[in-house]
Amino acid sequence: MENIKTFFKKRNIDFFFPIAFILTIVPLIVRMAITNADENTLNIFGEKAKREFFAQDKAFLLMIFCIILVGISIIFFKQVFKKKDKTVNSIILAGSIFLIFTLLSAIFSNYKQVSFYGIYDRAEGFITIACYFILFVYSIYTFKTTNDYKYIITPIFILVGINSLLGLFQYLGQDLLKSKLGMTIAVPSEYRTGASLNLLYEKGKLYGTLFHYDYVGSFVAIVLPILFCLTLLEDEDIFHKLNLGFFSLLSIWLLFGSTSRAGIIGIAVAGIFALIIFWKLVVEKWKPLLIVFSSILVIAIVGNFATKGALFERVPSLITDAFSVFKDTSDFDYKDHVPIRDVKHVDKDVQVILQNDTLNISYENNDYVFKNSKNEIISYVKGNVNGNKLYTTNNEKFKNISFKYGKFYPNSNRDDALLLNLDNQPMFMFNLKSDNSIHLINLNSKKDIDVELPPTVGFKGKEKLGSARGYIWSRSLPMLKDNLILGSGPDTFVFRFPQNDLIGLYYTYGSPNTIIDKPHNLYLQIALSDGIIALLAFLAVMVIYIIDSMKLYALKKDFTKSQKLGAATCLGVIGYLFAGVFNDSVVSVAPVFWIVLGVGVSLNYMNRQKLNKKLNK
């Protein structure tokens, strides 16, 4: 062991280099994995939860890499962990509290398997979160000099370049991941026959290798402020400046090509902080800056024109949503705006409450019987349409409602499954029991359910705000009272959310069968999964770091190289945090954030030490 230490010490090994490898590889992985979905997960997602492409292998490889980092840290403990100051120690202490309460939430969770290993399509259980923390601490202690920043910039170039290329084809509707070569890479040979990537993203959207276009926005919110600031601040190496500028433009393409409004907000807020930090430079060099921004604006407008408005497609809705926040909707009732107001069980029957009538469904004399609110029989006729057995009617009030019927299980001895279609769209599934009672069931789990009317906080009449984030937040906020100390466990949000709020889902999404698996808010995600204390500790890390950064860099006129890097890195962190108001953490992007945050903390320490030496002279 001593010989190994001596070998590495003599060659002055850069311990930060492995971070470059992790930063490059993990976000690019797209590989089908067979998940070990537990019963709780299958009850929510059904059989589709057994396979996924964007999270499990990313999380697994991240875990392997982090085990290696821990091994390096143990073997070379004295070389890696040098003494830091109170600010860094405070940040690590707050981060440790965050991790401890995340662990406790996992230990005491009712969903232990998911809490530790993560859920289908996300894989962000405690093990993955612990890996983030390892990346964070390791980056703080192994980032030693400004030369190490190349291990951040080069991987960012690679990630931006590859995702821009893939994104271009995805945007044009020719997804390379769905091509023969893409399938060969993404799908193991034993599962390749009949396999397909059902990503359901329409033409005009890009997601690269990051799973969803929203997460492209979170990624860009980190990298664009860094690349763009360094482009403007680079004075020595013209080739490096051109590279930074080129990849800044590609990042802008990713931002608008993804149509991520969260990314736009993150960039906008980072831009405000950039004005504060670099105000004196902005005033001094306003003319070239104006030319740069004008050029980018012209390119964006031309691109938007060429794509027939697709690039700026969601920007108007961002403005509309901003104004709608202030609109008075206190007397709004979403149930007045859906064709079906409720579904109730009355004795053995089911009542479908419509806006102007009630449809009662019962089973009598070996057949389904349909009646209105006056107990009058509605003439539903059995028929066969395109191979489907249907009940249809010409009754004016109910003609848009049909019922598909058949066997609930292959060995059923009668037609005990009844699916209500509204305008030919499947809405509610019912199961005929052995005692001839009819019950509403969950389409995925096939278990009996009742329509739920959960408590809400805020967003009344604004449920569709922010692509339905208003709906999700209004149902999530009431759950916070149960998470003052511990959460329900990492990655368990889908089990907590009132999935049986069928009428609310129907109004908001146009279908009562939508599954809400994430809060679309980083801070709600932490509070509900890990607890309020964990959230406060997380916020403490961010607040200490940002305040420290502003003290070091705000309103300076002259910047050293390390100060330029520190300021740009801080803006990347801020971009991600404000994009996080509308997006949550995901394994495709979070490792990038935690590494950048760790580097930012280390750069602040380096700059603070230099400042203290200067003041003490």
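Let's start with a pair of side chains: Arg608 and Asp548 meet in a salt bridge, with N and O 2.5 Å apart. The term is used here for a side-chain nitrogen of Lys or Arg within 4 Å of a carboxyl oxygen of Asp or Glu. The pair links distant parts of the chain, since Arg608 sits in helix H23 (residues 590-616) and Asp548 in helix H21 (residues 532-553), 60 residues apart. Helices (H or I, at least four residues) and strands (E, at least two) are DSSP runs, numbered from the N terminus. Both Arg608 and Asp548 are buried, where buried means under 20% relative accessible area, exposed over 50%, and partly exposed in between (1.4 Å probe, protein chains only). Asp85 joins these two residues in a network of salt bridges.

A word on what you are looking at: this is a predicted model, in which local features need pLDDT of at least 70 and side-chain atom pairs count only at pLDDT 80 or more, while totals for chains, interfaces and linings use all residues. Residues are numbered from 1 along each chain as its sequence is written, and side-chain values use heavy atoms, with hydrogens and water left out.

Now step back to the whole chain. The protein chain has 23 helices and twelve strands. Its radius of gyration is 28 Å, close to the 25 Å that the globule rule gives for 617 residues, so the chain is as compact as a globular protein of that length. That radius is taken over C-alpha atoms, and the rule is 2.2 Å times the number of residues to the power 0.38. Along the principal axes, the C-alpha atoms fill a box of roughly 95 × 60 × 50 Å. Of the 617 residues, 55% count as buried. Contact means heavy atoms within 4.5 Å; among contacts between residues at least 6 apart in sequence, 69% join residues at least 24 apart.

The charges come next. The chain carries 65 positive and 50 negative side chains, and the centres of the two sets lie 10 Å apart. Lys and Arg count as positive and Asp and Glu as negative, with His and the chain ends not counted; the place of a charge is taken as NZ of Lys, CZ of Arg, CG of Asp or CD of Glu. Side chains of opposite charge can pair when their charged atoms come close. The structure holds 15 salt bridges.

One of them joins Asp235 and Lys564, whose closest N and O atoms are 3.6 Å apart. Asp235 lies in the loop between helix H11 (213-233) and helix H12 (238-258) and Lys564 in helix H22 (residues 561-579), so the pair ties together parts that are 329 residues apart in sequence. Asp235 is exposed at 56% relative accessible area, whereas Lys564 counts as buried at 19%.

Another salt bridge brings Arg475 and Asp501 together at 3.1 Å, N to O. Arg475 belongs to helix H17 and Asp501 to the loop between helix H18 (493-496) and H19, so this pair ties together parts 26 residues apart in sequence. Arg475 is buried at 3% relative accessible area, and Asp501 is buried at 0%.

Follow the chain on to helix H19 (residues 502-509). Seven of its eight residues are buried, so H19 is largely enclosed by the rest of the structure. The cover over those buried residues includes strand S3 (340-346), strand S10 (417-422), strand S11 (425-432), strand S12 (438-441) and H17. Just after H19, Gly510 takes a positive phi of about 80 degrees.

Asn366 is found in the loop between strand S5 (358-364) and strand S6 (367-371), and is exposed at 65% relative accessible area. Ser467 lies in helix H17 (residues 465-476) and counts as partly exposed at 36%.

Finally, look at Asp530 in helix H20 (residues 522-530). Asp530 is buried yet has no salt bridge, and the nearest side chain of opposite charge, Arg496, is 9.7 Å away. Beyond four places in sequence, Asp530 touches residues including Phe98, Phe101, Ile129, Leu486 and Gln525.
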